[in-house]
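Here is a note for a colleague who is opening this structure for the first time. The points below go through the sheet, the helices, the core and the charged pairs in turn.

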Amino acid sequence: MIDSNLRDRAGRHVTLRPVDDDNWRAVADVVPRDDQRAWVYPMAARYLLISARGDVWTSLAVYADEAVVGHVMWGVDDDGSRWIGGMVVDATEQGRGVGAATVTTLAAWLLAQPGCPAVRLSYHPENLAAAALYPRLGFTPTGAVEDDELVAELPAAPAVP
């Protein structure tokens, strides 16, 4: 379990846990709002298949207390940087701070991994919620574009001598 002791606005404890035999169906059933389907898949099941059938991404279940409320995945790039991708918070759970807690928790955990120079993510330019959220969490645009999405980065803190 990945845990930063963060809570959503309802006071629920947000944690990230491996997808396993007990929760994969609940994760697969996570769906975004209809207006978000232009930039995320209509069900988290697609992301589960991407991570299960490839060797790049690792899926995690997003929990609020003991309920599955979302999906997020992470991967490692050739330069050692980590990527956050495939984040979907269920439509019924949005607006409660689950997304912010998820990104903050996963980014902190990834930055703590040896050899991680930065955490990157990308978002569609029309995804105004993401465009507002990620800079608030410390991510800055890199100017790069990946699959028609803007790339933002959170660098690792410099080592203190």
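1. The sheet is open and has 8 strands in the order S1-S2-S3-S4-S5-S6-S8-S7, with mixed pairing; strands here are DSSP runs (E, at least two residues), helices are runs of H or I with at least four, and both are numbered from the N terminus, while two strands count as paired if DSSP finds at least two bridges between them. Strand S1 (2-7) and strand S7 (140-146) are the edge strands, each pairing on one side only. From one strand to the next the twist averages 30°, where axes are lines fitted to C-alpha atoms, for helices over the stretch in contact, and angles run from 0 to 180 degrees between N-to-C directions.

2. A word on the basis of this note: the model is predicted, local features need pLDDT of at least 70, side-chain atom pairs count only at pLDDT 80 or more, and totals for chains, interfaces and linings use all residues. Residues are numbered from 1 along each chain as its sequence is written, and side-chain values use heavy atoms, with hydrogens and water left out.

3. Within the sheet, S4 and S5 run antiparallel and are joined by 6 bridges, and Trp74 has Ile84 in S5 as its bridge partner. Helix H2 packs on the sheet, touching S3, S4 and S5, and its direction makes about 140° with that of S3; contact here means heavy atoms within 4.5 Å. Helix H3 also packs on the sheet, where it touches S1, S2, S3, S4, S5, S6 and S8, and its direction makes about 160° with that of S5.

4. Which residues of helix H2 (residues 45-53) are buried? They are Tyr47, Leu48 and Ser51, where buried means under 20% relative accessible area, exposed over 50%, and partly exposed in between (1.4 Å probe, protein chains only). Seen down the axis of H2, these buried residues fall within an arc of 105°, so they line one face of the helix; the arc is that of the directions from the helix axis to the C-beta atoms. Leu49 and Arg53 are exposed on the other side of H2, whereas the cover over its buried residues includes helix H1 (24-28), S3, S4 and S5.

5. The largest nonpolar core holds 29 residues, of which Val72, Ile84, Leu106, Leu121, Tyr134 and Phe139 touch the most other members; such a core is a set of buried Ala, Val, Leu, Ile, Met, Phe, Trp, Tyr and Cys residues joined through side-chain atoms within 4.5 Å. Among the elements that each supply at least two residues of this core are strand S2 (13-18), helix H3 (98-111) and helix H4 (128-136), and H3 gives the most, with 7 residues. Leu106 touches Ile2, Leu16, Leu60, Val72, Met73, Trp74 and Ile84, not counting residues up to four places away in sequence. A second, separate core of 7 residues includes Val40, Ala44, Met73 and Val88.

6. The structure holds 8 salt bridges, each defined as a side-chain nitrogen of Lys or Arg within 4 Å of a carboxyl oxygen of Asp or Glu. One of them joins the side chains of Arg17 and Glu66 (3.1 Å, N to O). Arg17 lies in strand S2 and Glu66 in the loop between S3 and S4, so the pair ties together parts that are 49 residues apart in sequence. Arg17 counts as buried at 17% relative accessibility, whereas Glu66 is exposed, with a relative accessible area of 63%.

7. Another salt bridge is formed by the side chains of Glu153 and Arg120 (2.7 Å, N to O), and this pair links distant parts of the chain, with Glu153 in strand S8 and Arg120 in strand S6, 33 residues apart. Arg120 is buried, with a relative accessible area of 15%. Salt bridges that share partners also join Asp8, Arg12, Glu93 and Arg96 into one network. Of these, Glu93 is placed in the loop between S5 and H3 and is buried at a relative accessible area of 12%.

8. Strand S8 is mostly covered, with 5 of its 7 residues buried. S6 and S8 run antiparallel and are joined by 6 bridges, and S7 pairs with S8 in the antiparallel sense over 4 bridges. S7 and S8 form a hairpin with 2 residues between them, and Asp147 in the turn has a positive phi of about 50°.
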